[in-house]
Amino acid sequence: MALRIMRGCYNSRPPSILSCFYKTERGLFRLYYNRPTYALYGGVVPTVRTYSSDHGGPNVKQSQKVVVVGIPNPFIWFRTRIYYFLIRAYFDKDFRIEEFKEGASQAFSHVSTLLSQCQFEAMEGLVSKDLIEKLEDKCKHLPPRHKEALSADTDDIMYSTPGDVGIYYEDNGRKFVSIFMRFWYLTSAPLTEDTIEGARIFQVTLGDGAAETKRLLTASYEFQREFTKGVPPEWIITRIEHSKLLE
């Protein structure tokens with residue numbers, strides 16, 4: 001069925017229901033951590049996460065900071081702002097991208113953990129059915145260290161930003177919104193030097209003086225929601241990319 005598409009990308013995957021585990025009264029995601037978010041308002045935006053440990057005692061605390069700097073494409077930055085305005089004007093007047101980013105980060109952490117543990121049945125309702133089948137097939141051939149690297153703890157997510165936004169209309173009146181999110185996260189999975197090209201390596205110092213090696217990886221998740229009247233206001237993941245881990 002033909003779609004009137006408001007961007008140069010076509011996605012024919014029908015959305016299923018995103019579990020109410022992430023749903024709020026506004027149809028976004030349920031938030032479990034009151035952590036600050038960082039907006040991408042042009043220029044350069046740093047995101048800082050602090051790693052600390054008090055293994056050396058109550059009065060001994062070591063910490064190390066990792067700073068990730070994002071430089072947005074001006075054209076994409078301007079275009080996404082137009083789409084945010086259209087979403088608020090025609091679909092959801094309460095939509096706020098910062099709230100969405102926070103919820104998307106929680107969803108990314110939860111689903112990536114399920115993916116690393118190959119818990120595909122637990123993804124139903126969170127991830128589209130056809131995508132689950134593709135992921136299951138890909139994970140069959142992954143070595144254990146790659147599976148471990150798929151998981152992203154919420155505290156290890158260094159930076160996130162919307163990559164693209166799409167608005168779709170079907171001829172029968174159904175309408176959809178998709179938001180493509182990109183995440184940068186740290187992992188301590190034992191990856192070899194040539195496994196992930198371009199991955200940054202950090203040394204995180206613990207309280208007992210030991211150093212832990214972490215790599216900065218990227219992942220992209222696409223979230224889609226149907227805004228047709230009468231459809232539950234829930235999002236579902238329709239696309240997952242993990243650097244070179246899931247190729």
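Biologist: Which residues does L115 touch, not counting those up to four places away in sequence?
Modeller: L115 touches F120, M123, L135, C139, L150, Y221, I240, H242 and L246, where contact means heavy atoms within 4.5 Å. The model is predicted, so local features need pLDDT of at least 70 and side-chain atom pairs count only at pLDDT 80 or more, while totals for chains, interfaces and linings use all residues. Residues are numbered from 1 along each chain as its sequence is written, and side-chain values use heavy atoms, with hydrogens and water left out.

Biologist: Why is L115 called buried?
Modeller: The relative accessibility of L115 is 0%, and buried means under 20% relative accessible area, exposed over 50% and partly exposed in between (1.4 Å probe, protein chains only). L115 therefore counts as buried.

Biologist: Where is L115 found?
Modeller: L115 is in helix α2, residues 97-116. Helices (H or I, at least four residues) and strands (E, at least two) are DSSP runs, numbered from the N terminus. The C-alpha atoms of L115 and S151 are separated by 7.3 Å, although these residues are 36 apart along the chain.

Biologist: What makes S160 buried or exposed?
Modeller: S160 has 12% relative accessibility, so S160 counts as buried. S160 lies in strand β4, residues 157-170. Leaving aside neighbours within four places in sequence, S160 is in contact with K101, S105, M181, R182 and F183.

Biologist: Which residues of the largest nonpolar core touch the most other members?
Modeller: In this core of 46 residues, they are F100, L115, Y221, F223 and I240. A nonpolar core is a set of buried Ala, Val, Leu, Ile, Met, Phe, Trp, Tyr and Cys residues joined through side-chain atoms within 4.5 Å.

Biologist: Which element gives the largest share of this core?
Modeller: Helix α2 does, with eight residues. Apart from this core lies another, of five residues, among them M158, Y159, L186 and L216.

Biologist: How many aromatic pairs does a search of the whole structure find?
Modeller: The search finds 12. Rings of Phe, Tyr and Trp (its six-membered ring) pair if their centres lie within 6.5 Å; planes under 30 degrees apart count as stacked, over 60 as edge-to-face and the rest as tilted.

Biologist: Why is the pair of F100 and F223 called edge-to-face?
Modeller: The ring centres of F100 and F223 are 5.7 Å apart and the planes are at 85 degrees, so the pair is edge-to-face. F100 lies in helix α2 and F223 in strand β7 (residues 211-226), so the pair ties together parts that are 123 residues apart in sequence. F100 and F223 are both buried.

Biologist: Why is the pair of F183 and Y221 called edge-to-face?
Modeller: Their ring centres are 6.2 Å apart and their planes stand at 85 degrees, so this pair is edge-to-face. F183 is in strand β5 (residues 175-187) and Y221 in strand β7, 38 residues apart. F183 counts as buried at 0% relative accessibility, and Y221 is buried with a relative accessible area of 0%.
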